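Subject: Structure for your review

Dear colleague,

Please find the structure below. My notes on it follow.

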Amino acid sequence: MDGHRRRYNHRNNRFRHLLPSISAISGAILLLYFLLSILAPSPDHFTRHHATFDDDVIHDAHTVPSIFKVPTGSSMISDRNLWSTSMSDFYYGCSNASSHFPKAQSVTRPNRYLLIATSGGLNQQRTGITDPVVAARILNATLVVPKLDKKSFWKDASTFSEIFDVDWFISSLSKDVKIIRELPHKGGKKWSPYSTRVPRKCNERCYHICVLPLFSKRRAVQPSKFDYRLANKLETDFQKLRCRINYHALKFTDPIIKMGQTLVNRMRNMGKHFVALHLRFEPDMLAFSGCYYGGGQKEIKELNKIRKRWKTLHISDPEKERRQGKCPLTPEEVGLMLRALGYEKDTNIYVASGEVYGGNETLNQLRALFPNIYSKETIATEQELEPFSSFSSRMAALDFMVCDESDVIVTNNNGNMAKILAGRRRYFGHKPTIRPNAKKLSRLFMDWKNMTWEEFSSRVRIHQIGFMGEPNESRPGRGQFHENPTSCICEKPNHKSKTVPLPRKIGNGIPEADETDNDEYVDNSQEESYNQNENEDEDEDGMVSNLQYLLNDTSVEDFTTGLDENDLEDLLSH
């Protein structure tokens, strides 16, 4: 018994000796846990609440269980036709010249040449090609085929004839403007063009005052840059000429058309309809937006590194940028918007995008909502894309074709491609073109986890009134003719339509459809009937970069300070 008691006391003594050590270790663990809980970043307004999925519902991973549940079946039926605009059958594109518009042969002056060098990517170049043709007609000058930008961000060495059918371009416009391939020689030498700077949004009178007298000094004149150097409001015949150029004369080369049509056919073979999504969630776009997407220090460091390329880029308050609708929606948010509008989970989606920030991890949030996600890289082989893959503008042309032929397109950024496609789709039958109402939706996404799906989807549909590409939305791209070519869209005889109502707020703060003061639709051919403001480049609810205009005719490395803000252009709006 004594031996047993001694052994028991010995074990107790050893335990008493270990007790301080155990207490110290436990205290250290508790202290470490406390410090980690303090140092860990807390959720803010920009943290994305990613969705998790099971066979029945989609719910918020941060608040399980959540009242927000996205139905996976077809329990929610939209109150609108998802694949066509409601009044598209009553309108058509009309761009023929009037009988009062003389033929080019009778008005073009000899030895008067206009030279143009475009800026930016493919869709900025389209504008930079279309407007100079009109300017040449205003000046009664011969246009030399524009030179494409080879120095800017994309550094694409493609020439005009490698992207567009130059022979078709010249011949199809021969009645409107005389166009030649190269500037003529004089005495075996090329004429040296007179360089000038054209004011922004210059109208007919402006060109007659600022440019026309220069031809008395030189036979050839070349503006130093030509982005947004033509007014949105011109005489109707000049507006219709714009449409003939943009929608008929600018045709891609045969290799681009053939490959683009192959991509369209493959998407068509997957189902009756498909949605094209111009995502614009590339690292450069996010860097310029000045927005924050909840990626912590890693995201901040990566995007700040990109921002350093532009010395004058002003970084605004990310929270303020998002509240004002200046941040692109995330792929997940775009997906939730589409589901709320009534598009089912099995909808085929073609993503037109460059490198998506966050890669597959980011795209997987969209795939969870729409598993059938495709791109040109997934539906074509490397061998098929090889002739185009080294040229950003040619790759962009393929995406342009698929987006243009899609049943529905969603543009997540109101940049050049979004504007050009919106105008083109209006002209050719008003196919649905969805532009997220970023200001209203961004605010909605700040609190969506606390709503029911029914409340969320109802608010989305209300916020999107006026942003769905209907024929006569009251505010489609205010002041942007290329986005809303009203002079070139005519109403069929014996039809009077009503304008699409815009949302207004009622007492409880929930928007509802507003009644228009004008029940009669005004003839689209009279652009003056629209209250367009020349001084406003973007819709107040549109998504733009915090630096609205970036240098467009020099390389990134050559970007310097001292530039007029009005002369900067959004380089990254493909």
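**Two loop residues with positive phi**

Lys201 sits in the loop that runs between strand 10 (194-196) and helix 6 (204-210). This is a predicted model. The phi of Lys201 is near 50°, which is a positive value in a residue other than glycine. With a relative accessible area of 19%, Lys201 is buried, the cut-off for that class being under 20%.

Arg280 also has a positive phi, of about 50°, although it is not a glycine. Its loop lies between strand 12 and helix 9 (283-289). The relative accessibility of Arg280 is 0%, and Arg280 therefore counts as buried.

Five strands form an open sheet in the order 14-13-12-15-16, and the pairing is parallel. The edges are strand 14 (373-374) and strand 16 (433-434); each has a single partner strand, so one side of each is left without a neighbour in the sheet.

Helix 16 (residues 392-405) packs on this sheet, where it touches strand 12 (275-278), strand 13 and strand 15 (408-411). The direction of helix 16 makes about 145° with that of strand 13.

Strand by strand, the pairing is as follows:

- Strand 13 (residues 349-352) and strand 14 run parallel and are joined by two bridges. Tyr350 stands opposite Tyr374 of strand 14.
- Strand 12 pairs with strand 13 over four bridges, in the parallel sense. Here Ala276 has Tyr350 of strand 13 as its bridge partner.
- Strand 12 and strand 15 also run parallel, joined by four bridges. In this pair, Leu277 is opposite Val410 of strand 15.

Which way do the side chains of strand 12 point? Val275 and Leu277 point one way, Ala276 and His278 point the other way, and all are buried.

Why is helix 12 (residues 331-341) described as largely enclosed by the rest of the structure? The reason is that 11 of its 11 residues are buried. The buried residues of helix 12 include Glu332, Glu333 and Arg339, along with Val334, Leu336 and Leu338. Just after the helix, Gly342 takes a positive phi of about 115°.

Two packed helices are described by the angle between their axes and the distance between the axes. For helix 12 and helix 19 (residues 453-463), the axes come within 8 Å and cross at roughly 90°. Helix 12 is therefore roughly perpendicular to helix 19.

On the helix 12 side, the contact is made by Leu336, Met337, Arg339, Ala340 and Leu341. These meet Trp453, Phe456, Ser457, Val460 and Arg461 in helix 19. By class, the residues of this contact divide into seven nonpolar, one polar and two charged.

**Confidence**

The mean pLDDT of the chain is 77, and 70% of its residues reach 70 or more. Over residues 34-65 the pLDDT is below 50, and this stretch has 56 contacts in the model beyond near neighbours in sequence. Over residues 498-574 the pLDDT stays under 50 as well. For residues 498-574 the model has 205 contacts beyond four places in sequence.

Regards

Definitions and conventions
Residues are numbered from 1 along each chain as its sequence is written. This is a predicted model: local features need pLDDT of at least 70, side-chain atom pairs count only at pLDDT 80 or more; totals for chains, interfaces and linings use all residues. Side-chain values use heavy atoms; hydrogens and water are left out. Buried means under 20% relative accessible area, exposed over 50%, partly exposed in between (1.4 Å probe, protein chains only). Two strands pair if DSSP finds at least two bridges between them. Contact means heavy atoms within 4.5 Å. Axes are lines fitted to C-alpha atoms, for helices over the stretch in contact, and angles run from 0 to 180 degrees between N-to-C directions. Angles under 35 degrees count as roughly parallel, over 145 as roughly antiparallel, 65 to 115 as roughly perpendicular and the rest as oblique. Ala, Val, Leu, Ile, Met, Phe, Trp, Tyr, Cys and Pro count as nonpolar, Asp, Glu, Lys and Arg as charged, and the others, Gly among them, as polar. pLDDT is the predictor's confidence in each residue, from 0 to 100.
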